[in-house]
Amino acid sequence: MTPGLMISAPASGTGKTVLMLGLLAALRRRGLTVQPFKSGPDYIDPAFHLAASGRASFNLDSWAMGAGQIAAHAGLAQDADLVLAEGSMGLFDGVARAGETGIGSSAEIASLMGWPVVLILDVSGQAQSAAAVARGFATLRPDLPFAGVVLNRVASPRHDALIREGMARAGITVLGALPRRGNIELPERHLGLVQAEETAELDDILRHAAHFVAAHCDLDAIVAAAGARAAAGSKPHRPVPPPGGRIALARDAAFSFVYPHLLAEWRRQGATILPFSPLADEVPDDSADACWLPGGYPELHAGRIAAARAFHAGLTRFARTRPVHGECGGYMALGAGLVDADGHRHAMVGLLGLETSYHSRKMHLGYRRAVLSQPMPGMAAGTALRGHEFHYATILSQPDAPLARACDANGTEVPETGSFRAMPGGGQITGSFFHLIARAATA
């Protein structure tokens with residue numbers, strides 16, 4: 001097993017991503033091959049990981065994935081020198097009811113894989129008291145390996161010395177101290193960070209992060225703290241079957257939210273991915289067996305999507321005889337219309353009757369377990385799936401047949417069922433706000 005570390009924190013907004021990107025970039029500069037992972041259902045951070053490390057980053061999710069799938073993904077690091085996994089939210093945060101392997105916490109992934117935790121602490125406004133927080137996180141779960149802490153937003157050398165004194169008394173190793181001034185801010189949008197490909201200054205940010213982290217962290221001690229263990233008693237992983245042997249995949253700034261592990265699993269099963277850009281008014285490759293439109297930010301590009309007449313015509317022609325599926329943003333694009341935040345309606349492709357609006361925003365967020373009422377590309381009716389929903393759109397009209405019965409992490413049924421429409425020529429159109437992560441094995 002390749003040794004690894006879990007980069008986590010007591011809460012969101014504490015500095016995990018900056019530390020993660022800085023470590024990836026700094027260690028890459030040293031000549032190390034570092035395999036990144038992301039704990040939880042995030043599809044934006046992995047693109048930043050790829051830019052910093054030069055390697056695709058994969059999601060590990062204890063609520064949606066069985067231990068076998070987590071272990072299989074971790075096995076992709078066999079040719080790397082080190083694994084770095086970025087946590088989500090706080091170290092122990094998750095949902096109330098367990099899913100496939102747990103509640104979705106970063107601590108569960110770290111414990112399962114034997115990756116010691118590097119906890120980044122925002123120490124602004126406190127000194128020796130920070131040791132009590134670190135001590136609590138280090139000892140709450142006896143099975144959780146703990147490497148030490150990186151202090152963030154340190155005000156002065158005196159502040160640093162006081163905190164280190166408290167940590168020494170608590171038996172906590174300090175692996176670094178990032179000063180308050182000179183910290184790095186990453187641009188944000190309503191679903192998290194602005195996408196990596198939209199961040200024009202990304203190279204400069206990564207260079208700054210590498211220098212900043214290397215100058216204020218003990219990289220040798222961090223690498224030496226890594227560890228690993230084989231996941232015990234894992235059932236064999238059953239990957240999500242590809243929707244076809246050749247898959248036309250919408251891929252641009254409006255359609256980019258697809259989990260990297262999903263594409264990797266499809267490729268390992270022999271599928272070929274054929275990217276095309278709706279924003280560039282491209283059409284799906286006619287040699288494809290199926291078309292997949294991922295999520296993204298259709299509301300920011302609704303005018304261009306509406307004006308892409310060749311894309312509309314080509315996708316409609318494709319859909320007459322072959323399956324087309326849309327996730328979240330892709331689902332909205334398959335609908336009849338989308339109302340933007342200013343109240344303007346834009347005509348979408350019209351393969352489904354769905355009408356959505358961002359004019360009155362409402363956040364929809366959480367894990368989903370769905371049982372298909374209708375088939376979707378590569379999967380029969382009755383298949384149980386696990387995934388995640390995160391969007392701000394409101395459904396104005398959904399006249400088509402429901403695709404699935406969906407429940408949240410507590411087992412409560414949700415009204416977002418997705419849509420299904422059969423085409424006269426043998427094609428079928430499916431879509432859902434649900435982002436697919438894995439097939440479900442447990443109830």
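Modeller: The largest cavity is lined by 16 residues, and those nearest its centre are Ala370, Ala404, Thr417, Ser432 and Phe434. A cavity here is a set of points, on a 1 Å grid over the protein atoms alone, where a 1.4 Å probe fits but cannot get out, and lining residues have an atom within 4 Å of a point. The model is predicted: local features need pLDDT of at least 70 and side-chain atom pairs pLDDT 80 or more, while totals for chains, interfaces and linings use all residues. Residues are numbered from 1 along each chain as its sequence is written, and side-chain values use heavy atoms, with hydrogens and water left out.

Strand E17 (364-372), strand E18 (384-391) and strand E20 (404-407) are the elements that give two or more residues to the lining of the largest cavity; E17 provides the largest share, three residues. Helices (H or I, at least four residues) and strands (E, at least two) are DSSP runs, numbered from the N terminus. By class, this lining has 10 nonpolar, three polar and three charged residues; Ala, Val, Leu, Ile, Met, Phe, Trp, Tyr, Cys and Pro count as nonpolar, Asp, Glu, Lys and Arg as charged, and the others, Gly among them, as polar. The space in the largest cavity is about 100 Å³, where a volume is the space filled by probe spheres set on grid points joined across faces, edges and corners. The structure holds two cavities of 30 Å³ or more.

The second largest pocket holds about 420 Å³ of space. A pocket is an open set with protein on both sides within 12 Å along at least five of seven lines. Its lining comprises 22 residues, with Ala47, Leu50, Arg251, Val258 and Pro260 closest to its centre. At least two lining residues each come from helix H2 (45-53), helix H9 (260-268) and strand E11 (272-276), and H9 supplies the largest share, four residues. The lining of this pocket divides into 15 nonpolar, three polar and four charged residues.

Turning to helix packing, helix H1 (residues 16-29) and helix H7 (residues 202-216) pack at an angle of about 85°, with their axes 7 Å apart. Axes are lines fitted to C-alpha atoms, for helices over the stretch in contact, and angles run from 0 to 180 degrees between N-to-C directions. H1 and H7 are therefore roughly perpendicular to each other, a term for angles of 65 to 115 degrees. Their contact (heavy atoms within 4.5 Å) includes Leu19 and Leu23 of H1 and Leu206 and Val213 of H7. The residues of the contact of H1 with H7 are 11 nonpolar, one polar and two charged.

Notes
Parallel < 35°, antiparallel > 145°, perpendicular 65-115°, else oblique.
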